[in-house]
Amino acid sequence: MPKEKLRHVTLVGHMGSGKSTIGSLLGKLMNYDHADLDVVIANQAGRSIGVIFAEKGEKIFRDLEEQALESKLSTPDPLVISTGGGIVERSSNRRLLQEKSFVIWLHTDIKTLVKRVSRRSTRPLLKGKDPLEVLTKLDNERADLYAEIADLTIDTNNMKASNVSELLFDSLKSRLGVENE
Ligand code: S3P
């Protein structure tokens, strides 16, 4: 089956790139359910992502993240899935994303990301740290990985979430044969 015909759509990119908001809007436009992996993980664990990191550590969080990704990508119904920024760290996740979904990379400049994430400080990887330093390091580690698995890349700098989701919807309609009515 050509990859374009696979049903799940996944959003990848750095924290602050708009994955959750755009995923929710895109799901509505496509008439697909939306799953936010961080929300799935927190609901299943009965605690926030911050508490999971603090109590169990990052390795356990990454295990839960991988399980949540596997489970959502195995659902028969088509989904739009917003992932966490670190989903690309494990090669097994990258393989799964490529095999089972149409991957969209929300590409955003570090300067813009720093502005966005500085408004809210709930992210464990940023706790007590300089966001510019953390995001620059993560970009060095992850940008090539996002690029490697992306079927489509969209630049979200200076763009409203609603505009990004409409552009994505237009582009996906023809590729995936999606109807929203
Ligand atoms: C992480 C990003 C977060 C969350 C966790 C780890 C990361 O998700 O999964 O804090 O490693 O970049 P968002 O990208 O939605 O902030």
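What follows is a friendly dialogue on reading salt bridges and a helix in this predicted model.

Colleague: Let's begin with charged pairs. How many salt bridges does a search of the whole structure find?

Modeller: The search turns up 11 salt bridges. Take R47 and E55, for instance: their side chains meet with an N to O distance of 2.5 Å.

Colleague: Are those two residues buried or exposed?

Modeller: R47 is partly exposed, at 32% relative accessibility. E55 is exposed, because its 52% is over the 50% cut-off.

Colleague: Now a pair within a helix, please. What should I know about spacing there?

Modeller: The general idea is that an α-helix has 3.6 residues a turn, so residues three or four places apart point the same way. Here, D63 and K59 are four residues apart in helix α4, residues 58-73, and about one helical turn separates them. Their side chains form a salt bridge at 2.8 Å, N to O.

Colleague: Which parts of the chain does the salt bridge between R62 and E89 tie together?

Modeller: First the contact itself: the side chains of R62 and E89 meet at 3.9 Å, N to O. R62 belongs to helix α4, while E89 sits in the loop between β3 (79-82) and α5 (91-100), so the pair ties together parts that are 27 residues apart in sequence.

Colleague: How does accessibility look for that pair?

Modeller: R62 counts as buried because its relative accessibility of 7% is under the 20% cut-off. E89, at 36%, is partly exposed.

Colleague: Which residues are linked with R62 in a network of salt bridges?

Modeller: The network links R62 with E58, E65, E89 and R142.

Colleague: Let's turn to helix α2. Which of its residues are buried?

Modeller: Helix α2 covers residues 37-45, and its buried residues include L37, V40, I41 and A42.

Colleague: One last feature. Which residue just after α2 takes a positive phi?

Modeller: That is G46, with a phi of about 70°.

Methods: Residues numbered from 1 in each chain as written. Predicted model: local features only at pLDDT ≥ 70, side-chain atom pairs only at ≥ 80, totals over all residues. Heavy atoms only, no water. Salt bridge = Lys/Arg side-chain N within 4 Å of Asp/Glu carboxyl O. Buried < 20%, exposed > 50% of the residue type's maximum accessible area, 1.4 Å probe, protein only. Helix = DSSP H or I, 4+ residues; strand = E, 2+ residues; numbered from the N terminus.
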